[in-house]
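Please read it with the structure open.

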Amino acid sequence: MYQKLKNCVNIIRKKTDFKPKTAIVLGSGLGGYAHKLRVEAEVSYREIEGFPVSTVAGHEGKFLFGYIKDRPVVMMQGRVHYYEGYDMIDVVLPIRLMGMLGADTIFLTNAAGGINRDFTPGDLMLITDHIPSFVPSPLRGANIDELGTRFPDMSRVYDEELCEKVRVEAKKQDILLREGVYVQAQGPNYETPAEIRMFGTLGADAVGMSTACEAIAARHMGMRVCGISCITNMASGILDQPLDHQEVQRVADTVKEKFENLVTEII
Ligand code: HPA
């Protein structure tokens, strides 16, 4: 895997020598944020041999390199999900790649279902911790010693200093910021009401199909992690209505501006 990662880095380096400081992963419906970037270079996932390419409509697949104000960033427009059939080690390959390209901080965003009944669709939730126990660890298998240690600490995955910056900025922008624990489910099916009751009992506030595995891979290599969920719907069984992917995208669309302004200032 380390060899594969180095090959991917070499392919990207043939196209651009841009050195990002911050990595950003844009979740479902949030891909529009790319227009905020002063783009210096683009590399489509398809151009990178061995790179997992997303199959979900609305997840355009490319790395964008450029500036948010004067901050050099790399942005993943579209991510791959475990439910697409990739092994976890491939799902987190792009995260590791962005770290190897120079990013020491990563912002992970996603669409998530609200389990906490205080939440309302359209809310933004700062991720303070996560439950990744329902998907395999991306670190399973031989450890990549070049990236990090065999048994990395996970007692503070989401960087406290970055969390505080998000809180301060949200307040400044008059954004009601929720906080909570994100649980990663396998998908692609949405959860059953019984599963959501279980997740709630276990201490989860929001559920999604990404992010926790990415945060683990990023922490393994020592990156500082920050995560924000867009609560696009109440999780299964909380309201008396079925869940619908179109609705998830529609709600993500309505909070776009609020979300984009927050992310820009935090970066
Ligand atoms: N469950 C899982 N993933 C999601 C949801 C949900 O309710 N909403 C958006 N992504």
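**Notes on the ligand site and cavities**

1. By class, the shell around the ligand holds seven nonpolar, four polar and one charged residues. Here Ala, Val, Leu, Ile, Met, Phe, Trp, Tyr, Cys and Pro count as nonpolar, Asp, Glu, Lys and Arg as charged, and the others, Gly among them, as polar. The shell consists of Ala111, Ala112, Gly113, Tyr190, Glu191, Val207, Gly208, Met209, Thr232, Asn233, Leu243 and Val248 (a heavy atom within 4 Å of the ligand).

2. A caveat on the source: this is a predicted model, where local features need pLDDT of at least 70 and side-chain atom pairs count only at pLDDT 80 or more, while totals for chains, interfaces and linings use all residues. Residues are numbered from 1 along each chain as its sequence is written, and side-chain values use heavy atoms, with hydrogens and water left out.

3. Strands 5 (105-114), 8 (206-208) and 9 (224-234) each supply at least two shell residues. Strand 5 gives the most, with three. Strands (E, at least two residues) and helices (H or I, at least four) are DSSP runs, numbered from the N terminus.

4. Now the polar contacts (N or O pairs within 3.5 Å). A ligand nitrogen lies 2.8 Å from a side-chain N or O atom of Glu191. Polar backbone atoms also take part: one of Ala111 is 3.3 Å from a ligand nitrogen, and one of Gly113 is 3.3 Å from a ligand nitrogen. Taken alone, the ligand exposes 260 Å², and the protein buries 95% of that (Shrake-Rupley, 1.4 Å probe).

5. Which space does the ligand take? It is the largest pocket (more than half of the ligand atoms lie within 2 Å of its grid points). A pocket is an open set of points on a 1 Å grid over the protein atoms alone, with protein on both sides within 12 Å along at least five of seven lines; lining residues have an atom within 4 Å of a point. This pocket has about 360 Å³ of space. Of its 25 lining residues, Ser28, Ala111, Tyr190, Met209 and His245 are closest to the centre.

6. The pocket lining divides into 12 nonpolar, 11 polar and two charged residues. Strand 5 has the largest share, four residues. Helix 7 (245-254) supplies at least two.

7. There are two cavities of 30 Å³ or more (sets of points where a 1.4 Å probe fits but cannot get out).

Key:
Polar contact = N/O pair within 3.5 Å; in protein donor to acceptor, adjacent residues only side chain to side chain. Points joined across faces, edges and corners; volume = space filled by probe spheres on them.
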